[in-house]
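Hi,

Here is the structure I promised to pass on. Please have a look through it, and below it you will find my notes on what turned up.

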Amino acid sequence: MSTAVEKILSRASGKEVTAGEIVEAEIDVFMIHDPMGALVEDALNEIGAEVIYPEKVVAIQDHFIPAKDIESAILSMRLRQFHRRYNFGAYYEVGKGGICHVILPEEGHVVPGDVVVGTDSHTPTSGALGAFAVGIGATEMAAAMALGKLWFKVPPTVLIRGEGRFKEYIHAKDLILKVISTIGTDGANYKVLEFDGPAIRQLEMDERFVLTNMSVEAGAKTGFISPDDVTMNYLSNRARRPPRPAYSDKGSFEEELQFDVSSLEPLVALPHSPANVKPASEIDEEIDQAFIGSCTGGRLNDLKAAVKILRGRKISERVRLIVIPGSRKGYREALKMGLIDSLLESGAAIGPPSCGPCLGAHLGVLGPGEVAISSSNRNFRGRMGHPDSKVYLASPSTVAASALVGRITDPREVVS
Amino acid sequence: MIRGRVIKYGDDVDTDVIIPARYLKHGSDPKVLSEHAMEDLDPEFKEKVKERNIIVAGKNFGYGSSREQAPLALKYAGVKVILAESFARIFFRNAINIGLPLMEVKGVSKIVDDGDVMEVYLEEGRVRIPSKGAELSGTKLPEFLMEILKAGGLVPYLRRRLHAENSDNSG
């Protein structure tokens with residue numbers, strides 16, 4: 001009786017393993033990006049080692065791009081030079097890719113059963129494809145690249161079972177905020193959150209990625225969703241390698257928690273914690289900025305949801321609405337579908353695929369006392385700019401409705 | 001043994017207050033990181049850390065980002081060891097990998113006060129607070145993580161290991 005993650009780590013370490021054991025697992029995908037690439041290469045040089053499987057490395061420019069100043073230009077140059085030195089399996093230049101957690105799945109770099117490491121805490125996003133995907137630091141990445149493998153403590157798995165059906169204007173974001181506020185910011189520390197049940201199975205991949213991405217906001221080592229027809233359809237014209245699906249056996253979970261999504265309302269995480277959650281309808285707060293973008297809010301589905309609220313209407317005069325598609329592909333799709341034109345018509349500023357203001361780097365940094373509502377995943381103090389600014393987290397529907405009204409708004413209040 | 005005075009914080013000290021993302025463009029520059037460590041949470045930190053070098057905190061210390069600059073900033077600022085009720089997992093690994101000792105000690109945030117003097121015995125997995133006559137056990141690190149810490153971090157540890165393997169091969 002094993003969990004899917006135990007099976008994946010057994011395969012990757014060449015022996016039967018169970019939760020609690022420390023194993024060395026072979027890595028299938030190594031993901032690095034501009035803020036950490038230079039640190040990884042420096043550590044590698046100091047160790048005096050080489051990247052042994054450059055073909056398994058995916059390098060992506062996404063954080064401080066297009067370069068906002070000389071320091072970030074240097075970080076981008078370093079990642080570019082690192083790629084040229086080794087000719088990595090894939091490299092995404094500014095304009096040709098997007099946010100790493102959107103790109104890895106979208107471009108077929110991850111398949112079910114993979115072990116994925118990335119120098120970014122939201123690497124668990126790819127777990128929605130049935131992979132074991134974890135975030136690590138730069139030094140550890142250097143070691144993993146040098147050895148081709150990395151040590152893991154095999155984590156136990158908690159099952160989050162979604163019952164019922166999502167109502168209109170309710171998103172995966174609302175469910176994951178509910179989960180985080182229920183179990184707390186460290187409720188899943190060192191564990192896997194596996195999502196299953198009829199409510200999860202009805203979600204498209206774009207929504208599923210939000211669940212695994214934000215598992216880390218509950219402290220999880222990773223999030224996981226076993227593959228089904230939705231997964232396989234998504235992968236059919238992208239997967240670069242054959243899948244090795246793994247499924248959890250019944251009774252292998254450390255704990256099972258049930259959430260009925262039918263009763264979910266549009267939720268908002270208040271400053272300064274993703275676990276500080278209330279219904280949007282109970283919050284009385286004017287906003288200065290609304291952000292639709294990031295690895296939990298910049299996919300095509302998110303842009304569609306925003307346009308569904310905003311089409312033919314103008315946003316509030318007091319609000320800047322910043323929309324940043326998560327990838328070039330998503331951007332082009334949105335253009336073809338007329339979504340970008342509609343958003344521009346409503347008053348949005350459109351940015352180039354990148355992390356944007358999510359982590360307060362650029363393209364919409366907040367000033368002192370400013371308030372933003374965002375479809376991103378973190379609202380720590382100072383996350384999006386000045387330490388005295390405030391960030392509220394919500395679904396793209398709730399962000400769009402709030403941009404329309406100028407204050408935090410339940411999207412159901414602005415649709416007839 | 002590490003002996004020093006305590007700077008105390010609460011639960012969920014996140015990576016974005018340990019070192020805000022606006023400084024990440026400077027890579028791992030020790031001057032920038034030590035200058036700005038903890039500034040969004042505790043503007044006095046820079047002064048405090050001159051005389052106190054043990055951080056004691058509540059649960060989930062280092063919550064959030066995978067940025068290795070978080071433990072680096074604390075290390076460069078002069079922190080010698082972090083003791084907390086619990087740590088976020090990526091921060092925990094990063095701290096060991098860059099050679100910053102840390103230990104999970106249940107109850108530490110309840111007994112220890114800001115400014116207390118503490119003695120930390122990492123290898124034995126225990127801490128003492130002499131002024132209170134108190135002693136607490138912590139979670140001892142697995143042997144191989146202790147080895148990494150003793151080597152000064154993962155880089156020197158691996159450099160030595162790979163070098164030893166190479167000389168074995170040639171010999």
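Chain A has 13 helices and 18 strands in its secondary structure. Do bear in mind that this is a predicted model. The radius of gyration of chain A is 20 Å, close to the 22 Å that the globule rule gives for 416 residues, so chain A is as compact as a globular protein of that length. Along the principal axes, its C-alpha atoms fill a box of roughly 60 × 50 × 40 Å. Of the 416 residues in chain A, 62% are buried. If you take the contacts in chain A between residues at least 6 apart in sequence, 77% of them join residues at least 24 apart.

Next, the domains. Chain A is assigned domain 1 (4-259) and domain 2 (270-410), and the C-alpha centres of these two domains of chain A lie 24 Å apart. Across the boundary, 34 residues of domain 1 of chain A are in contact with 27 residues of domain 2 of chain A. On the domain 1 side of that boundary in chain A, α4 (100-106), α6 (172-183) and α8 (205-213) each supply at least two residues. The helix that gives the most to this side is α6(A), with six residues. Sorted by class, the domain 1 side in chain A has 11 nonpolar, 12 polar and 11 charged residues.

Then there is the nonpolar core. The largest one holds 196 residues, and the members that touch the most others are A:F30, A:M141, A:A290, B:A73 and B:L83. This core draws at least three residues from each of domain 1 (4-259) and domain 2 (270-410) of chain A. As background, nonpolar side chains in soluble globular proteins tend to be buried together.

B:S137 is found in strand β7 (residues 134-137) of chain B. Beyond its neighbours within four places in sequence, B:S137 is in contact with B:G125 and B:R126. B:R126 is 11 residues from B:S137 in sequence, yet their C-alpha atoms are 4.3 Å apart in space.

Happy browsing, and do write back with any questions!

Conventions:
Residues numbered from 1 in each chain as written. Chains lettered and ligands numbered in written order. Predicted model: local features only at pLDDT ≥ 70, side-chain atom pairs only at ≥ 80, totals over all residues. Core = buried A, V, L, I, M, F, W, Y, C linked by C-beta atoms within 7 Å. Buried ≥ 20, exposed ≤ 12 C-beta atoms within 10 Å, placed from the backbone. Domains from an automatic or database assignment. Contact = placed C-beta atoms within 7 Å. Helix = DSSP H or I, 4+ residues; strand = E, 2+ residues; numbered from the N terminus. Nonpolar A, V, L, I, M, F, W, Y, C, P; charged D, E, K, R; others polar. Rg over C-alpha atoms; globule rule 2.2 N^0.38 Å.
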